[in-house]
Amino acid sequence: MVLLGWVGAVTASGTPRRHVRCSDRRGVAVASACLVRDERALGLARKWVDEIIVPLALCPYAQPVRAAGTLRYAVSDAAAGDADTLIRDVLDECELLLDAESEDDGLPSEHNVETTVLVAPQWADAGHLDHFCEIGDELEAFIEEDELAAQIGVALFHPEWKFNNVSDDRDPVHFEQRAFLPTISLLRKSSIKRHVIAGLKRNSLISVQIREHNTRILNELGYERMDHLYANIRRSLS
């Protein structure tokens, strides 16, 4: 998937990269009427970006927004299985991203947000992975219906994520789409011109380059080291 720029399971066009086996301003954290303030969840989301995604370069678009302070973290209070509330929260975040774009006059703004990392802690149980993956299809339908596909990229991540065409449960490539909590990442595509415009023009090539990099770096590290890294970060916030 090249929605947010990460490669994963569902693309804006609905094309899978690998099918899923569903068995502070440098991170602004904002709570709105439909979101909740959960410091541990926000901490895990930040750690995921700061200590895994950016250092391993699993997403080439994460570092620019992180450095610019235009990466927003938010927490959905959607109960496990409550797809309606989760989708509502995602669409609210899409609206916020597009509102920020419409108000952008080229100057730094307190409200300028280019990417949102929305986490849904109550969906973390492995038993909810199938349903969480289905959210991608529902979101795609909403985004296509509202003609947002060219403006907003969406990527899903889950702590129990497994690719269905990767038979080994301990293959490190599964970490490409794993996060500490169920996560939906949203990107305002127009905001990262150096990377996204190039990606839109030659999407498949960019996808292959990201996939090859991620596969190589994760295989170099190995499953045990990645598992250990995740466990250490979790313990640091317990």
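A polar contact is a pair of N or O atoms within 3.5 Å; within protein, one must be able to donate a hydrogen and the other to accept it, and residues adjacent in sequence count only if both atoms are side-chain atoms. The model is predicted: local features need pLDDT of at least 70, side-chain atom pairs count only at pLDDT 80 or more, and totals for chains, interfaces and linings use all residues. Residues are numbered from 1 along each chain as its sequence is written, and side-chain values use heavy atoms, without hydrogens and water.

**View 1. Asp38 caps the N-terminal end of helix α1.** Helices (H or I, at least four residues) and strands (E, at least two) are DSSP runs, numbered from the N terminus. A side-chain oxygen of Asp38 lies 3.2 Å from the backbone nitrogen of Arg40. Helix α1 covers residues 39-53. Buried residues (under 20% relative accessible area, 1.4 Å probe, protein chains only) of α1 include Arg46, Trp48 and Ile53.

**View 2. Ala57 sits in the loop between α1 and α2 (62-68).** Phi of this non-glycine residue is positive, near 55°.

**View 3. Strand β5 (residues 152-157) is largely enclosed by the rest of the structure.** Of its 6 residues, 6 are buried. Ile152, Val154 and Leu156 point one way; Gly153, Ala155 and Phe157 point the other. In a regular strand the side chains alternate between the two faces of the sheet.

**View 4. β5 pairs with strand β6 (residues 183-188) in the antiparallel sense.** The pairing (at least two DSSP bridges) runs over 6 bridges. Thr183 of β6 is the bridge partner of Phe157.

Notes:
The expected span of a helix is 1.5 Å times one less than its number of residues. Buried means under 20% relative accessible area, exposed over 50%, partly exposed in between (1.4 Å probe, protein chains only).
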